[in-house]
Amino acid sequence: MAFWGLEILPGKPMPLNLTRRLVVKQAALVVSKPAKKTEPCVLSVSVAEDEQRYVVCRLHEGVLEQCPMELPFSPGDEAQVHLSGGHAVHLTGFLELDDEDDMEDMDGELDELDEESSDEALSKFGPETPSRWKKVAEEVMTSTSVIWLPRKRPNLSTDAIVR
C-alpha cells in the first residue's frame, strides 16, 4: 500500500488518472479562512463517460468537516471527482501495490536483514530469554526460506514463518 492524497477545488472536475487500484478513505474540508456565509460542500463522483454524478458526502464548515469512507476505484473506472461549495476538500487514501511492487519492497527489507548477521540478531536476546525462543530465532536467522505475512512491516520475532 502507498499513501495517496488529492486536493479538490470547487467547480473544477478532477480526473483521478489512476494506474493502479485506489481506495479513498477520507474527505476533509479545507477551511483556510472562515466563510461569512457557510454553505455545504458537496463531493460527488462520476465514472467513465457517464454524465451522472453520485454524491459521496456533504461537508459543512463548523458542523461536519471530515467524512470517513471506503471508495475503491480501478484505472478502468475513469473516475472524476466534483466539488461544489465554498471550500476545497482533501481526499486521502491508499494505492494498492501490485505483487511485483510488494516483492521489490520485500527484497529491500530482506537485503537489510542479510546485512545483520545472525550472531548480532541473537545477541539481542538476553540470558533470561527462554532457550526455545533462542532456538526459533536461530532457525529463522539461518533459514534460507522465510515467508513474510502480507500487508504489514515484517517483525522478525513475530511475523516470520520458517519452512
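Arg21 and Glu96 form a salt bridge (a side-chain nitrogen of Lys or Arg within 4 Å of a carboxyl oxygen of Asp or Glu), with their closest N and O atoms 2.8 Å apart. Arg21 sits in the loop between β2 (14-15) and β3, and Glu96 in the loop between β8 and α1 (99-115), so the pair ties together parts 75 residues apart in sequence. Helices (H or I, at least four residues) and strands (E, at least two) are DSSP runs numbered from the N terminus.

This is a predicted model, where local features need pLDDT of at least 70, side-chain atom pairs count only at pLDDT 80 or more, and totals for chains, interfaces and linings use all residues. Residues are numbered from 1 along each chain as its sequence is written, and side-chain values use heavy atoms, leaving out hydrogens and water.

**Salt bridges**
- The count comes to two salt bridges.
- In the other pair, Glu70 meets Lys25 with the closest N and O atoms 2.4 Å apart; Glu70 is in strand β6 and Lys25 in strand β3, 45 residues apart.
- Lys25 is partly exposed at 34% relative accessibility (buried is under 20%, exposed over 50%, partly exposed in between, with a 1.4 Å probe and protein chains only).
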